Structure formats: structure tokens, C-alpha cells
Amino acid sequence: MNPRATPTTTASGIERDRGVIRARPAGFLRDLISVAGRALQAIPREPEALIPALIIPLFFFAVNVGALADIGQFVGVSDFEAFQLPVAIVFAVTGISRASALVTDIQSGYFDRLLVSPVNRYSLLLGLMVADLVLVMALCLPVLLLGFVLGIGFATGPLGVLAFLLLSGLWGLAFTGFPYAIALRTGNPGAVNSSFLLFFPFAFLTTTFLPREALTGWLAAIADYNPVTYLLAGLRALISSGWVPSDLLPAIGAVVGVGVVSFALAFSALRARVSRA
Amino acid sequence: MAVSSSAIRAEGLVRRFGDMVAVDGVDLSVAPGQIYGFLGPNGAGKTTTVRMLVTLLSPSAGRASVAGHDVVAAPGGVRLRIGVALQEAALDLKQTGAEFLRLQGRLYGLKRGEVGQRLKDLGELIDLGDALGRRVGGYSGGMRRRLDLAAALMHNPDVLFLDEPTTGLDPVSRARVWEEVRRLNAELGVTIFLTTQYLEEADRLADRVGIIDKGRIVAEGTPAKLKRSIGQDLIVVSTRGKLNGAVERLRALEAVERVEAHDGELTIATPDGPRVVGRVAIALEKAGLDVERLTLRTPTLDDVFLEVTGNRLGNTDDTDEKESQ
């Protein structure tokens, strides 16, 4: 049976049909939801990628608190668990992305399949980023839960918890631009895995273990330029000090600054990848 | 928008990668509803041509239109009207077949009900049945190809591009894909542009065949016409040692149209093989040739390829194997 009803011939000589299902642009929002939906669907099917992301922050939280709590008190940190909770959150969300899956798509030809469809090109990346935002916020939850179990309270109340989650999630999102830029530029899984190295200077050349006042020499100088220093200060303020604009605004600025740089790199790489040159 | 009476038209299509010219002035015209076989060895420029026609690559020179839309000026129009199954079945192994097809439908703007309808239509057409509910990672090569084909058809395209759709498949799966391609063309009237390195595939499926070598189309026509251009019958002689002037002796025989010698193999084209074969055997005997094998057969597309390029396509064993089944 030919499901094409009442064919007509167009100027192109192609038979067109009335009442038959035909392709049409889905629109940016629907494309975004489709791409994000596929990415979110894949996450629980890749436990090998999810489990380390869940364990690493909890592991570092336990080790840091166990090893450094006394030293913390020595340099004036009264509640070292509360001091370390934002660190664990930063460890949980930094560098989490679907960049490896994107490389797999590029190598398998799936990305080309998407490119021969009428899908909006920007949604191919933004859809993955939306999925990343959902994932990193979900990854924050077990760490937060552990904090609550250990008796850590928020000086800013429930709204502060939400702000804490949002700021952490947006930091995770801002950082995704780097691995995506590498994935789109190289299409190489090794290069994407190496992008994890970026995590180390951001995560360790800062106030991870001790407050800014206790850092000395070159580490103190670098920490001043590390956006994570300001992010941690903002997150710590939400737990311990309250709504302190002088801590929160630089934290937001750090997230926006890193986001602008990494997104510029990622979208430039996307444009290069989808260009037909 | 380019207006054209062809489903696919290319004029002087060129693609360069640095100094290398992958496609060197390809002209094509494929009529609506036709199956066009694009035949050539690996590296001939088949895939690069397809990638230009499906808007993945810009031509370095020349122009092309597909389904009435220019591939450079109106790529969006082309994308809405084509279905593409690229060389490797590009699937998400962690999705189920149905999830994969639903996503394809959504990307082509199909509404939920339309996606359901197409899943039903295509489920029957490609015969994946219950497998659609299983993860693609567990599919066989043939099932993956059929799912790939279904994805390319999800939005009822006018023109379907199949880039080496049966490469790597076993003979049974290959025959099944051929059956699907024929059915799609016959029942749905889809124009099909099929690249292949398999002679039998082009011969059996295509209404017209273009042979590409080193980026240029070196012969084009219906398979029957191309084969007729070689002669009605071929006598193929495999020899050991020197030819000892055998070519000249054979050319002097009555009813011999052409004699070619390539790599110890003589090919004699004649309108009447059964009558001429005896004379050929005598001439070879007189020339003192050490004949290993003498065969009388009708021409194949490989003979056409040999005639126009001076080389065999390189997969005759594979073809012979299938032909004997």
C-alpha cells in the first residue's frame, strides 16, 4: 500500500502529497528539549560515568575533614565541616558534562545524522548543557544531605539552600564550556579526558583546605585570581554568615566570568564543527 | 531556491581538501522516483559527493540542488526533504529502537501522533517488530542497518541517500536491505541515491548507474546500456606467460569487436560469443599461449569499470560468491 495520498507534482518535479506526514522545522525550544531529553535519558544508563561523580566529592569531604579539622581550628575555622561542604560541592559539579558522549556521537557519525536534520545548531550544544545543569544539581543533593546529617545548618535558611544549589549548579554549567570546546574542536576522546586536568588548578590553587588569610606566598597570589576562591567564599557565606553581598556578588561574578569565557570557546568550536567548509 | 525538474542535479561539482581534489567536476541528474547507483572503489569520491549533496560539506566549486533546493543557498530546504543513511549506521546504542526513531521524528518537527503513526508504518516496512523496544546495542548488523533506514524515512523524505548501505553485511542481510530499497522505491516512489562498491548491488537495484573514479564520473547510463557498450558477449582468457602477439591475431578474427589485455587477462568483446569462441581458442593455440582458463560470459559492470578506468573494481570474488548463491 502506498501511504502517500493524492500526489501532486511541484516545480521541482518531486511528488508532494496532501494529508501526508511531512518534515517541518521543530523550532528551537522543541529541539532543545529533544537534545536535552536524549542526554538525560542516557545518564542512568551510564552508571560507570555517574558513580565516580557521586563518590569523589564524598570521599574528599571525608578525607579533608578527617585530616585537616584540627588545623582548621588552628587558623580560625570553627566549623571545618561547614567550611568543607562547599569544597565537596565544587568537586561534585566541576567538570561534569556530556562532552565524552558528544565525542562518541562525532566519532560514530551520530552528530552528522543530527546535522543532516533541520535541528537548530545551537540546540545541539545548549541541549547538552541543560542536561548538565540538571545533573550537577542532582549531584549536589547527596553532598548536601551528608552535610545536613552532620548537623551543618544554613544561616540563610531554606532560601539559602536553594541559592547554594543554584550557584553550585551554575558554576558546574559555566565550567562545561571547556570540555565541550575541546570535544568539538578535536573530536578526540583522549583530549576530552585530558580536559579533567583543568579541574586541578581551579580546585586546588584556592581556599580548598584553608581560608584565604591562612594562605601565603605564591598560592595566596594565585588564589586571588582563581574564580573558585570567590565562589567558595560566596557558598561559605550562605552557610555561615548569611546574605552577605560582598561575598555573594563576587561569587556570581566568578561564575558569569568563567561562563562567558568557556561558552565563547564552546560556541566558537560548535560553529567551526557545523560549518561545511 | 533553484527550480529543477530533477530530484538531484549537480553541475561541475568540485571538492578540494587542501591540494587534494576529492571530487573533480561531477555532473549528475537524477529523475524523481529513480534509483541512481553511484559506483566506484574506495576513495573514488562517492562519500564526498554524497556529503555535499546532503549539506554536510560545501562544494569548492560547482552547484547542486536536491529536491528543488540549492545545497548551498537553501540547505534548510534540502534537509527537510531528504533522508540520509550514512556509511556507518550511526545509532545511539543505549537508546531503544523506538526511542531513537521517536527522537528522529521530533527533530523533523513531527507531532506526537504523527511520530506514533510513522513508528507503526515503519515497523511494518522494516520488520523490526518487538526489537524496537530493545536497546540498539543488542541489535545485529542487519537490524542496525534497517533501523538506520527507518530513521532516514521517519519524515517521508522525497529523496533518500544511502551511502554504502550494505558494506560489512553478510549476504543474507544484504539481500534483505536490497529488498527494502526496492520496496521503498516501488511502493513509496522515493528517489534513491545509492553509493556502492558492489557491482551486483548497482546492477540489481539501480535504474541508472554512474561510475566514479578519481573524483570524476567516467561512465553513466542504465546498467543494460553500460554493459551493451562493452559488447554483447565477452570471452575472457586467463594466461600464464607472454602474449606472443595473440592480441593482434585475435583482433584479426571475424566478429571480434575489441580485444583488451590487462594483467595477464585477455578480454574479447563480440556480438556472437558461442560462434567466435572456437576461433578464439584456435588463435590462442596458434599463438602458443599458455591458457589457464577460458570463459564465455555476458558483460558485467566490472567489465564496464575495467573498460573506462583500466582497473578492476577489486571485489569480483565477493560478487562471484554472491552470484553463485
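The legends below describe close-up views of a predicted model.

**View 1. The open sheet of chain B has six strands.** The strand order is E6-E7-E8-E3-E9-E10, and the pairing is mixed. Strand E6 (82-85) and strand E10 (216-221) of chain B form the edges. Each has a single partner strand, so one side of each lacks a neighbour in the sheet. On average, neighbouring strands are turned by 15 degrees against each other, direction ignored.

**View 2. Strands E3 and E8 of chain B run parallel.** Strand E3 covers residues 35-39 and strand E8 residues 191-196. Five bridges join them. Gly37(B) stands opposite Leu194(B) of E8(B).

**View 3. Helix H1 of chain B packs on the sheet.** Helix H1 spans residues 46-53. This helix touches E3, strand E7 (159-163), E8 and strand E9 (208-213) of chain B. The direction of H1 makes about 150 degrees with that of E7(B).

**View 4. Helix H6(B) lies across E3, E7 and E8 of chain B.** H6(B) runs at about 155 degrees to E8(B).

**View 5. Strand E4 of chain B pairs with E1 and with E5 of chain B.** Strand E1 (residues 8-17) and strand E4 (residues 61-66) are antiparallel and share five bridges. Ile8(B) has Val66(B) of E4(B) as its bridge partner. E4(B) also pairs with strand E5 (residues 69-70) of chain B, again in the antiparallel sense, over two bridges. There, Ser65(B) is partnered by Asp70(B) of E5(B). The hairpin of E4(B) and E5(B) has two residues between the strands. In this hairpin, Ala67(B) takes a positive phi near 55 degrees.

**View 6. Helices H2 and H3 of chain A cross within 9 Å.** Helix H2 covers residues 47-74 and helix H3 residues 80-93. Their axes cross at roughly 150 degrees. H2(A) and H3(A) are therefore roughly antiparallel to each other. The crossing is right-handed. Contact residues of H2(A) include Ile56(A), Phe60(A), Phe61(A) and Leu68(A). Among those of H3(A) are Phe80(A), Phe83(A), Val87(A) and Phe91(A). By class, the contact holds 16 nonpolar, four polar and one charged residues.

**View 7. Chain B meets chain A through 39 residues of its own and 35 residues of chain A.** On the chain B side, helix H2 (75-81), helix H3 (97-107), helix H4 (112-126) and helix H6 (171-188) are the elements that give two or more residues. The chain B residues on this side divide into 16 nonpolar, twelve polar and eleven charged.

Notes:
Residues numbered from 1 in each chain as written. Chains lettered and ligands numbered in written order. Predicted model: local features only at pLDDT ≥ 70, side-chain atom pairs only at ≥ 80, totals over all residues. Pairing = 2+ DSSP bridges. Helix = DSSP H or I, 4+ residues; strand = E, 2+ residues; numbered from the N terminus. Contact = placed C-beta atoms within 7 Å. Nonpolar A, V, L, I, M, F, W, Y, C, P; charged D, E, K, R; others polar. Axes fitted to C-alpha atoms, helices over the stretch in contact; angles between N-to-C directions. Parallel < 35°, antiparallel > 145°, perpendicular 65-115°, else oblique. Left-handed = near helix turned anticlockwise from the far one by under 90°.
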